[in-house]
Amino acid sequence: MVCGSPSHGKRLCTECALVIDGPPAVTTKRIGTASVHYFGFYEERLREFIISYKFKNHHSLAKAFAKMLYSTIQSNKLSIDLITYVPATRSAKKKRGYDHMRLIAKELEVISGLPSIDALRAVRETDQLLTNDRAEAVKGKFALTDNSTYLNGKKVLLIDDVLTTGNTMLEAAKILKGAKPKEIYLCVIALNRG
């Protein structure tokens, strides 16, 4: 389904299935004063998975990504009360037909038994690739939703797909702090070390 290799009637070939079932990283990436947990690197098959999911309409991969995030949570012994996510912009949702991280959060809710909350919404479009100051590009991109009141006093997991500069994740976490959570843990599927 993703790499084009023979899968003998299954959704994923043996090698792709091994990526999902493989062990997650147990190290973190520091961005500013924050630590970001990640499953693997944005390379090879994991990169192909993410591209297929976001741009080739393989939205059924949301379950596989949720499984990866759940194993990352377990390996890093993260104690959390609820899950939220970095939301897609209106144009990205229109192009794909769905919010890719919301689907993953809902699948993670099923696997973990923890509630997922739509705590953030994207209030403006940004294109970090069109500016040299990526931190400035994401300022004001997110706002809290009415559901964010559920975060008060809770240990929250904030998830996203790929961490490159970390500016989007830091901006989302900064806005989430307005909901007064006890703790915010940051977790992504893949770390882009390029």
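Trainee: Why does Phe41 count as partly exposed?

Mentor: In this predicted model, Phe41 has a relative accessibility of 27%, and because buried means under 20% and exposed means over 50%, with partly exposed in between, Phe41 counts as partly exposed.

Trainee: And what makes Tyr38 buried?

Mentor: Its relative accessible area is 5%, and since the buried class takes values under 20%, Tyr38 is buried.

Trainee: Why is the pair of Tyr38 and Phe41 called tilted?

Mentor: The ring centres of Tyr38 and Phe41 are 5.5 Å apart, with the planes at 45°. Rings pair if their centres lie within 6.5 Å, and planes under 30 degrees apart count as stacked, over 60 as edge-to-face and the rest as tilted, so this pair is tilted.

Trainee: How do you know whether Tyr53 and Phe65 are buried or exposed?

Mentor: The relative accessibility of Tyr53 is 2% and the relative accessible area of Phe65 is 0%; because buried means under 20%, Tyr53 counts as buried, and Phe65 is buried as well.

Trainee: What makes α1 and α2 roughly perpendicular to each other?

Mentor: Helix α1 (residues 14-21) and helix α2 (residues 44-55) pack at an angle of about 90°, their axes being 10 Å apart. Angles of 65 to 115 degrees count as roughly perpendicular, and therefore the two helices are described in that way. At their contact, Glu15, Cys16, Val19 and Ile20 in α1 meet Arg45, Leu46 and Phe49 in α2, which by class gives five nonpolar, no polar and two charged residues.

Trainee: Why does Glu44 count as exposed?

Mentor: Glu44, which lies in helix α2, has 67% relative accessibility, and because exposed means over 50%, Glu44 counts as exposed. Although Glu44 is not a glycine, its phi is positive, at about 45°, whereas most residues other than glycine have a negative phi.

Note on methods:
Residues are numbered from 1 along each chain as its sequence is written. This is a predicted model: local features need pLDDT of at least 70, side-chain atom pairs count only at pLDDT 80 or more; totals for chains, interfaces and linings use all residues. Side-chain values use heavy atoms; hydrogens and water are left out. Axes are lines fitted to C-alpha atoms, for helices over the stretch in contact, and angles run from 0 to 180 degrees between N-to-C directions. Helices (H or I, at least four residues) and strands (E, at least two) are DSSP runs, numbered from the N terminus. Angles under 35 degrees count as roughly parallel, over 145 as roughly antiparallel, 65 to 115 as roughly perpendicular and the rest as oblique. Contact means heavy atoms within 4.5 Å. Ala, Val, Leu, Ile, Met, Phe, Trp, Tyr, Cys and Pro count as nonpolar, Asp, Glu, Lys and Arg as charged, and the others, Gly among them, as polar. Rings of Phe, Tyr and Trp (its six-membered ring) pair if their centres lie within 6.5 Å; planes under 30 degrees apart count as stacked, over 60 as edge-to-face and the rest as tilted. Buried means under 20% relative accessible area, exposed over 50%, partly exposed in between (1.4 Å probe, protein chains only).
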